[in-house]
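Please view the sequence and the structure first, then read the points below.

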Amino acid sequence: MAEQPLETEEPGTDLPDGLVPPDEDALESADDSDGLMPPHKEPESSGRGGPVLLRERYLVDSGARLPEFDQPSAKAYAVEDRRDLANKVFALVCTPGVPVRMDDIIAFRTMDFPGVLALIEWEVVPWPPLGQSAMVVIYEKPLGGRVIDRLRRKDVRITEYDVPRRLTEPLIEGLQALNEKIGPHRALRPDNLYYLDEDMEEMVLGPHVTAPPGFDQPADFEPIDRATCQREGRGTGDIRDDVFALGVTIIHIVTGYNPVAKVKPENLIHQRLENGSYTALCGNTRLPLPLIEPLRSMLADDPAIRWNHTEVNNWVTGQKTNPVKKMSSPRAEVPFRFRKREHLTLGTLAWHFAQHRSDAVRAVQSDDFVNWIKRYPEGNATLETIRGAVQTAKFHTESYQGSDDYLVSKLSNILDPTAPIRYKNLAFMPDGFGPLLAVHWGVKGDPQEVAQLLAHDIPGLWFSSRDKLNKPLLDAQKNFAKLKSLLAINDPGYGLERVVYEANHGFACMSPLIAKNHVVVIEQLLPALEQAANSADTSSRPIDRHIAAFIASRFDQDIHPHLKALAAPKEDTSIIGMLSLLAFLQWKLRAPSMLALTSWVGGLLGPAINAYHNRHTRDQLEKEIPRLVRKGSLPEIFNLIDDAEKRQEDGEGFRAAQEEWLQAEEEIRDIEGAGEERLTKAERSGQQAAATISIMLGLTVVSILLVMEIM
Amino acid sequence: MAVGNATQGGKDWSKVLGMGTVMVLLAIFSLPTLIVLLPGMLPTGVAKVCDRTEQGYATFCVGGLNLCGVFPYLMKLWTDDHSINAAANIISDIFSILVMYSAAGFGWMMFMAIPPVVSAFLTVLAQRRVTFLRTLQEDIVTEWGPEVSIIDNTDSAPPPAKKRG
């Protein structure tokens, strides 16, 4: 079945020149981790080390690594608080290309949560080991170190009797407080728990803002729907996903090891889909009896019946709880064999089909599959839906709707409506689309597949396959509609660039001009452009598609008129649009004088100046601009260039001059064009004059003779 | 009616009739005058025949000065001896005929010489106007740029004619 290329024109599918790609292997290693061992990788060193000052207070030593505080997506470094040397803090340097949880960072900095490691400060600073700027987050240093390290060294012991009070209670308090103010943590795992004090009394949740939700989590710690997604597409989720991770964390800490460490990831997913996460993740481990029901309730795959924080609190405080009963999911009596793997449930089949799409399309049309699914509980109805989808695909053989990828995406929704959105090699939750696109673009350098699924409305297929949509899903559906409409517009400030920044508030601008500056918030943009002005090719414009989209998504003012002008086909209008947008930014953000940027922009104003017809006005503007460039004021340059009164006078004057020129031209043409006629007329005039003179002479002679005769 | 006077062949029969009446009346009441006028104004008659202008400028030009040449002899005839004999003497006098015809010839010369002079004068005036307008256009282009001279293609004005050498 035919595959169609994406209809939209996709600019910039590669990493920008200035961006240093993150260590993808290091990122991937997080997924392979058993959750017990933190990644101990040395930092990338493409530049020289040295101290970096953050907010003029925190001195981050790029040569002093603190691997015990590393996150899979961020390296930890020693920090000295220059105002309070007794203040123990450390820094996490985030990976460029991976979006951070910016909203959480901003909110977290102003709040204090019990049970959560405090975020003290953040800033984007030049980071010598990477040779570019990076997001650095300052955290309170947990003096007791990592919980899992202490457990390994047997400095502390947590028994099944300590689990509710010493482990679960502080964590669920932290999760609850965080959830009420900011959102779910989504980075709860054994190696991200710390003791705040040296006495190891106070356990806290570790950092969670350095990567998208669930990004740093091993798949075991994610509920099954999110575990089958790519880690960048796991989505924000809610506190029930944190409760799931808490359950897995309890198992690991109580048993002292990962019960499924030796199981291959794909086999574990298969087992979790087939037998449920609790059964699969516990394996043959003997869990303490009092923990079995709470853990089964926390690890329930159906989020609707999984314990929430209230139920966990009830359990911790010894109140009455409502444990989840062991429920058996529908399954076939005989397995269906697909690519050497036997399937008893539709869930595993949908997951496996998505990995082998061409084979899947053949398989669903085979007699074996038809016979198997007919015997599956309520399989006839499913079979009819599948047949309808296959027929529809055959009807659209010439379009993307007839492709195997599209059909298998549909089949996945039909077979397992609780599964994530699947398309080609992608699998993600609706609330994980933003990070999915950002990581595919920022890290892997190819956003095509993600853009294609949005253009082909694959999320729409997923939403339509669900029986009912709760509020978060309805919001996600609206968000997808908005993103799709943004994608469909190809002007600067829209398109895929706008989609990626709109869907990721913590994703740095990827424009090659400022990629090294790692611009995450709008206030950083003009200083970054000011810096870029010293090294960039000043014949190019300081606003490209990435920067326009970044401004459109991060600037809280209406800039549609500016974007419209920027997209104008006439160069002078486009230049004025660019100038007006930058001037508006400088004015609204109260940015200081921008000498280099103003000089850069001033050098590009030729077409805008030439938009004035009057040469004297042009000369006047050209003389005036250098003076304003020296002031570094874009608004003043804009006011000079786009003076409405001056422009109106110029336009009116030009029209009058055109009219005058035309009249002169017509008169010249009349004079020159009517040559023969004019000569004839002149000759006739001459003849008339001759006749008149002759008659006058005749009359004069007659009169004189008559008078003489009379006298 | 004026329209009715113009008849077949383009000839204005009313004028012919009028002229004929004048001639008959002159022949009846002033035959000597007619004897002098007929040969004396002969160049005017010839000019009338040759005149290709619609308004008869050649006839008027020749006729006006021809009359200057004839009128002194008519005055002499009218004041001295208004007889056929005196008229015949005037007509037969080669000097009087020379005066009459020279005056007519001078009229014809005027008709030949004055139109080119007038035409040349008007051409100079037109060229000066064109020069002035061109200078004005150049000033406009200097101030507003060449785009000011871009004329819409829908303009029906003919292209500029080449200047005459």
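With 51 residues, α7(B) reaches 75 Å from its first C-alpha to its last, close to the 75 Å expected at 1.5 Å a residue. The expected span is 1.5 Å times one less than the number of residues, and helices are DSSP runs (H or I, at least four residues) numbered from the N terminus. This is a predicted model, in which local features need pLDDT of at least 70, side-chain atom pairs count only at pLDDT 80 or more, and totals for chains, interfaces and linings use all residues. Residues are numbered from 1 along each chain as its sequence is written, while chains are lettered from A and ligands numbered from 1 in the order in which they are written.

- Among the buried residues of α7(B) are Trp108(B), Phe111(B) and Trp144(B); buried denotes 20 or more other C-beta atoms, placed from the backbone, within 10 Å of a residue's own.
- The cover over the buried residues of α7(B) includes α29 and α30 of chain A, together with α3, α4, α5 and α6 of chain B.

**Contact between the chains**
- In chain B, 45 residues are in contact with 40 residues of chain A (C-beta atoms, placed from the backbone, within 7 Å).
- On this side of chain B, α7(B) gives the most, with 22 residues.

- Where pLDDT is low, predicted coordinates should not be read in detail.

Conventions. Two residues are in contact if their C-beta atoms, placed from the backbone, lie within 7 Å. Helices (H or I, at least four residues) and strands (E, at least two) are DSSP runs, numbered from the N terminus. A residue is buried if 20 or more other C-beta atoms lie within 10 Å of its own, exposed if 12 or fewer, and partly exposed in between; C-beta atoms are placed from the backbone.
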